[in-house]
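Reader: I'm new to protein structures and a bit lost. Could you walk me through how to read one?

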Amino acid sequence: MSKIYLDNNATTKVDPMVMEKMKPYFIEKYGNPNSLHGFGTETHPAMSEALNSLYMGINASDDSDIIVNSCATEGNNTVLKGIYFDLIHTGIKKHIITSQIEHPAISHTCNFLETLGVDVTYLPVDDDGVVTAEILKEHIRKDETAIVSIMWANSETGLMNPIKELAAVAHENGALFHTDAVQVVGKIKVDVQDADVDFLTFSAHKFHGPKGVGGLYIKEGLKLTPLFHGGEQMGRKRAGTINVAFMVGMGCAMDLAVKALDFENKEVRRLRDKLEDAIIKLDDTIVIGKREMRTPNTILVSFKGIEGEAFLWDLNWNGIAASTGSACSSEDLEADATFQAMHVDADLSHTGVRFSLSRFTTEAEIDKAIEIVEKTVERLRAISSTY
Amino acid sequence: MGKNDLIGGSLWDNYSKIVADRMNNPRNLGEISEDEAKAIGAKLVVADWGAESCGDAVRLYWAVDEKSEKIVKGSFKSFGCGTAIASSDMMVELCLNKTVDEAMTITNIDVEKSLRDTPDVPAVPPQKMHCSVMAYDVIKMAASIYKGTDKESLDDKEIVCECAQVTLSTVKDVIRINNLTTVEEITEYTKAGAFCKSCIKPGGHEKKEYYLVDILKDTRAEMALEQEKVEGEKFINKSFFQKSKLIQAFFDAEIRPMLQSDGGDIDIVDILDNDGQLDLQVRYQGACHGCASSSAGTLYFIEGKVHEGLDDSIKVTIV
């Protein structure tokens with residue numbers, strides 16, 4: 001049975017071109033970039049090239065920083081804890097704003113900061129499932145709010161928040177602005193100067209790069225206490241021997257992702273829409289979030305009367321990988337936070353199934369997926385006691 | 001914690017092959033109609049448990065032969081994950097050909113055990129035990145419908161942990177007997193809280209009437225109160241007046257009758273408090289007066305009795 005991967009918001013396959021580009025940096029050019037000898041210096045051109053791709057990829061100015069780190073979780077922790085040390089622990093500010101739909105890398109870090117006495121506001125979303133400038137205006141406190149951290153797009157729904165507007169509200173009120181952009185890099189055009197964000201985090205494995213490497217953009221002129229102390233790597237902003245191979249891989253992945261943006265927004269979107277159209281044709285199915293407000297690859301659907309994990313089970317037996325954020329799949333058995341924040345009927349909160357495509361998804365795979373989804377809906381609704 | 005906890009997310013790897021098979025091909029799926037039940041001379045019972053909003057719901061169908069009270073036919077429908085569907089299917093199977101009263105003894109653990117591939121490996125991971133294995137409650141519900149009573153009247157004991165069927169009194173007893181101070185210890189002793197974990201503290205998947213954290217807190221508080229009472233009753237913690245009364249009563253009950261049986265007696269002349277140490281001044285009467293052992297053996301015997309019965313700090317002197 002051929003397997004079909006429709007869980008690209010969780011992670012993606014490494015593009016074979018990225019793999020090729022990384023190869024020499026494991027067993028040939030394996031030097032430490034900080035060494036004075038030739039083994040060290042021969043890594044530098046590829047690192048420069050990677051940085052160029054990253055800066056171009058998000059349109060960062062040369063005077064800003066893109067710190068190469070281990071993942072977006074590290075980047076998010078660096079921003080929030082750095083702000084805590086710089087602005088809150090010092091008594092300058094005392095308040096952080098985030099949203100109710102963030103990834104645990106943000107929400108759990110904020111929960112932790114609350115235990116240190118930080119005042120944190122978790123913004124709700126509107127009926128469309130997005131955090132609006134109006135909602136932020138209601139909660140931001142001039143001279144008290146240190147930073148606003150709102151994800152660019154939600155991983156469950158694909159719904160995108162109006163980052164440019166949100167950043168403007170933050171700045172008008174003397175606060176910094178951070179966005180976790182893992183779900184948008186490689187899916188839409190990301191321009192840090194146009195959006196005017198102060199910090200932005202991303203992770204290579206979400207755009208066909210390797211796992212274990214990510215980036216943190218810091219706008220020029222801003223200081224941030226590092227999370228890791230140690231050597232002088234990354235301009236003393238992130239200690240630890242640089243993972244040359246993965247940095248090269250991330251640069252290449254960014255390059256390819258940016259080049260593929262047009263394809264992503266035409267072809268991937270077309271296949272996503274095809275799957276979505278077939279799903280909503282089925283009785284009693286709801287797709288969460290307006291199509292035009294979502295990243296081009298994502299569908300979160302509720303199949304009434306079918307528990308999400310059961311749906312995934314059947315898909316998996318038929319070779320399809322999808323995802324659910326709803327109960328029974330996760331260890332803590334909590335209903336999906338995104339569903340709750342969006343006030344979706346509680347009866348549907350355990351029925352969410354997420355399909356996320358990539359530029360490697362084929363039309364034949366989508367056709368097969370449609371067939372299996374139809375079969376699964378039929379079988380599991382026949383079992384259901386509530387349908 | 002340790003090596004086995006570092007790679008998470010292996011939920012489905014922890015399902016037995018039987019669970020997978022029952023999920024993929026449930027044997028007892030479907031409905032039973034009134035007419036179908038009538039046709040075999042049986043009474044139809046349809047019971048629901050759980051809710052869509054909780055993530056798991058099951059509907060159990062029984063056709064019960066009214067003469068023998070045996071469940072002659074059964075089936076289910078379920079909104080839930082793979083384990084919910086597989087366990088509902090197995091539950092129906094366990095009910096078949098049992099009387100309603102016999103079926104009521106089926107527990108969630110019985111269902112889970114029937115789903116095991118090998119006897120000592122659980123069929124589902126711990127967090128699936130309660131939310132997805134709902135046999136006990138839906139069977140009770142079906143039985144109450146059959147008997148025309150309400151379910152609560154059949155819940156004869158106060159169950160704290162539905163998964164392991166541990167009662168409130170059991171939890172309280174193990175805390176007291178083994179002097180337990182943590183929830184982890186309660187789980188170790190009783191298995192309560194080892195499965196779905198809903199009963200450990202509020203905020204879990206299920207709202208419960210009793211939580212282990214509260215039972216532990218309350219029982220520890222009760223134990224502390226009792227201990228305080230015991231402490232309060234100790235001789236050393238009494239007022240001087242109370243101590244004096246106790247000494248007099250002890251002498252009247254324990255010491256004097258012994259001496260009286262030998263024709264003697266003893267009086268308490270005074271009790272002095274020397275910084276908490278009591279000096280008990282006594283005087284022999286009758287045959288004891290002038291007896292050779294009265295200032296040696298008998299005195300030591302009396303002092304020993306006083307130490308044993310009241311407190312070590314009391315010194316007995318003859319005046």
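This is a predicted model: local features need pLDDT of at least 70, side-chain atom pairs count only at pLDDT 80 or more; totals for chains, interfaces and linings use all residues.

Reader: Okay, so how many residues of chain B are in contact with chain A?

Author: Here 20 residues of chain B are in contact with 18 residues of chain A. As general background, the size of an interface is often given as the accessible area lost when the parts come together.

Reader: Which parts of chain B supply at least two residues each to the side that touches chain A?

Author: Look for helix H1 (17-24), strand S2 (56-65), strand S3 (71-79) and helix H3 (82-95) of chain B. By class, that side of chain B has nine nonpolar, eight polar and three charged residues.

Reader: Can we zoom in on one of them? What is B:Ala142 in contact with, leaving aside its neighbours within four places in sequence?

Author: B:Ala142 is in contact with B:Val45, B:Ala47, B:Leu60 and B:Trp62.

Reader: And why does A:Lys23 count as partly exposed?

Author: The idea is to count neighbours: a residue is buried with 20 or more other C-beta atoms within 10 Å of its own, and exposed with 12 or fewer. A:Lys23 counts as partly exposed because it has 14 C-beta neighbours inside 10 Å. You'll find A:Lys23 in the loop between helix H1 (16-22) and helix H2 (24-27) of chain A. Its C-alpha atom is separated by 9.7 Å from that of A:Val248, although the two are 225 residues apart along the chain.

Reader: Last one: sheets. What order do the strands S9, S10 and S12 of chain A have?

Author: In general, strands of a sheet pair through backbone hydrogen bonds, either parallel or antiparallel. In this case, the open sheet has the order S9-S10-S12 (chain A), with antiparallel pairing. Strand S9 (285-287) and strand S12 (352-356) of chain A are the edges, each pairing on one side only. From one strand to the next, the twist averages 25°.

Reader: How many bridges join S9(A) to S10 of chain A?

Author: Three bridges join S9(A) to strand S10 (residues 298-303) of chain A. For A:Ile286, the bridge partner in S10(A) is A:Ser302. Now find helix H12 (residues 261-281) of chain A: it lies across S9, S10 and S12 of chain A, running at about 150° to S9(A).

How values were computed
Residues are numbered from 1 along each chain as its sequence is written. Chains are lettered from A and ligands numbered from 1 in the order in which they are written. Two residues are in contact if their C-beta atoms, placed from the backbone, lie within 7 Å. Helices (H or I, at least four residues) and strands (E, at least two) are DSSP runs, numbered from the N terminus. Ala, Val, Leu, Ile, Met, Phe, Trp, Tyr, Cys and Pro count as nonpolar, Asp, Glu, Lys and Arg as charged, and the others, Gly among them, as polar. Two strands pair if DSSP finds at least two bridges between them. Axes are lines fitted to C-alpha atoms, for helices over the stretch in contact, and angles run from 0 to 180 degrees between N-to-C directions.
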